[in-house]
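Reader: Please show the structure, and then take me through the arrangement of its parts.

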Amino acid sequence: MKKYETVIGLEVHVELSTYSKVFCGCSTRFGKRPNINSCPVCMGMPGTLPSLNKKAVDLALLAGLALNCDIVQTCMFDRKNYFYPDLPKAYQISQLYLPIARNGSLSIDNKGTKKLIGIHELHIEEDAGKLIHDSDSNITLVDYNRSGVPLIEIVSRPDMRSAEEVLEYLDKLRIILRYLGVSDCKMQEGSMRVDINLSVRESGETMLGTRTEIKNMNSFKAIARAIEGESKRQIDILKAGGQIVQETRRWDDNRNESIRMRSKEEAQDYRYFPDPDILPLEISDRWIHNLRSSLPELREEKILRFKNEYDLSEYDAGVITSSREMADLFERTAILCNKPKEVANWLMVEGMRLMKENNIDPWDIDLHPEHFSKLISMIEEGIINRVKAKDVFEYVFLQDGDPEEYVKKHGLEMISDDKVLRTIIKQVINDNAGPVSDYRNGKTKAFGYLVGQTMKSMKGKGDPTLVNAILKEMLE
Amino acid sequence: MKINNDIFNNILNMVKLSCTEEEKKQLIKDLNKLVGFIDTMSELNTDNVEPMTYIHSTRNVYREDIVNDSKEDHDIHANALEIKDGYYVVPRILE
Amino acid sequence: MKEITAMSATAVAKKIKEKELSVLEVVEAQLNAIKEREPLYNSYITITEKEAREQALLIQKLIDDGSLKDSPLAGVPVAIKDNICTKGIKTTCASKMLANFIPSYDATVIQRLKNAGAILLGKVNMDEFAMGGTTKTSYFGEAKNPWNPKHTPGGSSGGSSAAVAAEEAFISLGSDTGGSIRQPAAYCGLVGFKPTYGTVSRYGLIPLASSLDQIGPLSRNISDCASILEVISGYDPKDETSIKQVRYTYREALVDDVSNMKIGVPKLYLEEDLDKDIRDCFMGAIKTFEDMGAKVEVFDLDEISYSVQAYYVISCAEASSNLSRYDGIRYGHQAGDYDDLDELYKISRAEGFGYDVKLRIMLGTHMLSSGNYEKYYDKARRIRSLISRSYEDAFKKYDIILSPESLTTAPLLKSKNSPSTKKHRSEILNCSVNLAGLPAVSIPCGIDKKGLPIGLQIIGSLFGEKSLIQAAYSFEQTKPYERPGTLID
């Protein structure tokens, strides 16, 4: 039985986090109405000219540096000519001949082994408008709000061999770009778009097979399904003696299959030539040096540092640094309360739980480290017990509230007064003769029950240590 | 290389034009005349000469990342041919 | 009235400033002349009568309160080539494609003119999308030469030259990609100035070829040119190719002195089969400069002999891309009947563009297409380097270079316009200048046997406008402006 290998390369388009578009001053914010963020330039009106946004260049350079690329120190913009309603000038300003960065790499960790995925090139280009297909009628609607938004396209080498590797690559890429502030990389919102180039070949073969391009996946899961689906489709064809047609296919996640797209761009001659309206960029060593020094600490470095400085485990450090927001929250809270292990524990257990339940992206964490730190202090000081602290933590984590106010408002203060405890415990002992005698007869499990009942009657606010000690004492 | 019917049709499609048979005949004729003239460029030796696109040596022309909020008193969509609910309208595109 | 419209822009501006004439008087006189002569020359596509009168009153107020005292053009009516965007006023490029297009923005040069108190009279005729040398390709009909209406006023800024020569405007703005200001100026006995690439903003100029186009004036004397150049030149952040320069003081160069100028005359221009009248006129001009104390020398500039080929490739390639946006979707002509998107494109564009535009778009696309890029587009750009370098070397020795502006005077309107060797060689004189981005001016040099004007071209080094203006001014003292005979009654 022939064994087949899947070969995958990715083209990832990422929207850059700038305030204005790449060649005009229109806002890149989501438009409440169609065609509202538009001007003569991004609408391609006659006689208008582009004006390059420096921030877009800086962000592209940061991405290139973080991906270990060679910066192409004289780079240019080229016109990619084709007709489509979402393209106002009937050409897209992109970079072909001299893209801003080349020959980089991204290391992924797949099942314990490190693998380097090559990055062929990275370039800046402008986005096109959005098309909305009105299925009921014979028209398509066009919104140019997105036209001119800056993108970078990151083209990998065909070094990936499985859906797992692809997802690893994308996850790592996303974290790096988010750490840099280059993009918020949200697939569902379209700020990160992935096109898959996939081919198959017999294991051991070195020549690449004919590849297809798959578009239209808007989640990591869909990407994994698309890879499995397309790989199987191609292998089936080859097994049956057929040939793969080089084409672009659209992934239909509902039907779990790819469909051949109408030839919009098949065998298109884009007639690229340097755009005479945009002057070339000369990226000096100093420019690169300044950017490099402005690079924020990336995730790998943070993981190492957290392990060393805060004595976190590799695993914990990894989870806590999965976003810059979470890492910063951890660090600033730890510095405030000086209890890094506590902070880490709360984030790893309760934090992760709340994020999962409420569908929160680690990048959307937004709370004051002061509030978090105060909560931890309150536990230390015996103001609340750990059980009640969970409720408070939820309030602090999800609503960024002041823990002190919350505790006062809901009366969650821990009960540790000796007299009060004794009174309550006495009552519990009186009310639970059975379990009391069970305990006295050696059934240690009954002790737990009695503790539980004690806590219940105090609405959970008892000091667990004291309750345990006093109960034990009073049962003797 | 001479522009024949196939090459002509390919170009016509790339530029999204159409023409009558009469125009086509004349265009092919005129195109080939011009291409023949342009082909004489090969007589001039340009080895070791860099191509020139930009007149001046100015480089790195860009602007700050600031949104242009000025509410200009014009309607840039006034020349629109067909608008529905604020969208531009084109014939249905099948993917 | 005739006295007013026959004045130079400088003269009328002075009279307005000294309160001898009101702005409205001048505008009315000009509008009357237009009304009278338009049926003869067809210079205008759009006449902005109402706006001009309104502007006249507003500008008069500003002049009266002293706000425009530093402007050399306050109250002067100007005509604008119809490929320069004027807010709220149709800008058609003399094409069916944009026959009803009204931009919601002004070109930067228009803003500058408005700030200087110039009055917009209207939009003048041109070859469709600036592609041509006769104005015969205009969707709105050909313009005619005021010296002899059987002849073309030239192109592509033919409406600009006809309007100024017919005294239907004091000054006009045109655009020059391969000679489109200079040649019509020569054909109509005017001064036509193409500035150094980058000195005048291209924002709002509907482009033919982005790396070659420049906006410039056509006028009846060099002083008017210097004035309007000062107004329209300057850095524009909206145009990346515009140059940062502090102040343009061209009028300071209006000095009658060429005694220390070194002038070069390329041998290849003397070897051309020039019409005898043009040759005599040109040789006469050389002698005039020598008599005024300049040193004239013949030299080799053979490397520019492939200019026209390179020019065709580059201008058509860039134009084919620049004209793709006319797709019948957001503005411009849209087909009435189509079945799908592809047809919408093909029919709209086929109906909207004239033959010459189609030809150039196709040629340009062919030059850029896969397999042809290196052979044509790259090759042309290398030739461009050589041409640029040759001129650079020449300007190490010379202050200015002289040549005839054209190998012929204005051709008959009815003569066929097909590509010919002579036409190509005439084009070398002009388009090599655009390829190198140099400034150049065409000034009246004489009249031929047929009674048609002959132009002299003066080419300057990059940013060498002052030498050009000085040389032109000095020459002009020996050959003052001549009005077309048709106007003298």
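Reader: How far apart do the C-alpha centres of domain 1 of chain C and domain 2 of chain C lie?

Author: The model is predicted, so local features need pLDDT of at least 70 and side-chain atom pairs count only at pLDDT 80 or more, while totals for chains, interfaces and linings use all residues. Residues are numbered from 1 along each chain as its sequence is written, and chains are lettered from A and ligands numbered from 1 in the order in which they are written. Chain C is divided into domain 1 (2–259 + 402–487) and domain 2 (306–378), with bounds from an automatic or database domain assignment. The C-alpha centres of these two domains lie apart by 27 Å.

Reader: Which classes make up the side of domain 1 of chain C that touches domain 2 of chain C?

Author: Domain 1 of chain C gives 26 residues to the contact and domain 2 of chain C gives 21, where contact means C-beta atoms, placed from the backbone, within 7 Å. Ala, Val, Leu, Ile, Met, Phe, Trp, Tyr, Cys and Pro count as nonpolar, Asp, Glu, Lys and Arg as charged, and the others, Gly among them, as polar. On the domain 1 side of chain C this gives 14 nonpolar, 9 polar and 3 charged residues.

Reader: Which helix supplies the largest share of the side of chain C that touches chain B?

Author: In this interface, 53 residues of chain C are in contact with 41 residues of chain B. Helices (DSSP runs of H or I, at least four residues) and strands (E, at least two) are numbered from the N terminus. On the chain C side, α11 (307–322), α12 (341–352), α13 (355–368) and α14 (373–397) each supply at least two residues. The largest share, 11 residues, comes from α14(C).

Reader: Which strands stand at the edges of the open sheet in chain A?

Author: The sheet has 9 strands in the order β2-β6-β7-β10-β1-β11-β12-β13-β14, with mixed pairing; two strands pair if DSSP finds at least two bridges between them. Strand β13 (residues 248–252) of chain A runs antiparallel to β14(A), joined by 4 bridges. One side of each edge strand is left without a neighbour in the sheet, because each has a single partner strand: β2 (70–71) and β14 (257–260) of chain A.

Reader: Which residue of β14(A) does R250(A) stand opposite?

Author: β13 of chain A spans residues 248–252 and is antiparallel to β14(A). The residue of β14(A) opposite R250(A) is I259(A).

Note on methods. Two residues are in contact if their C-beta atoms, placed from the backbone, lie within 7 Å.
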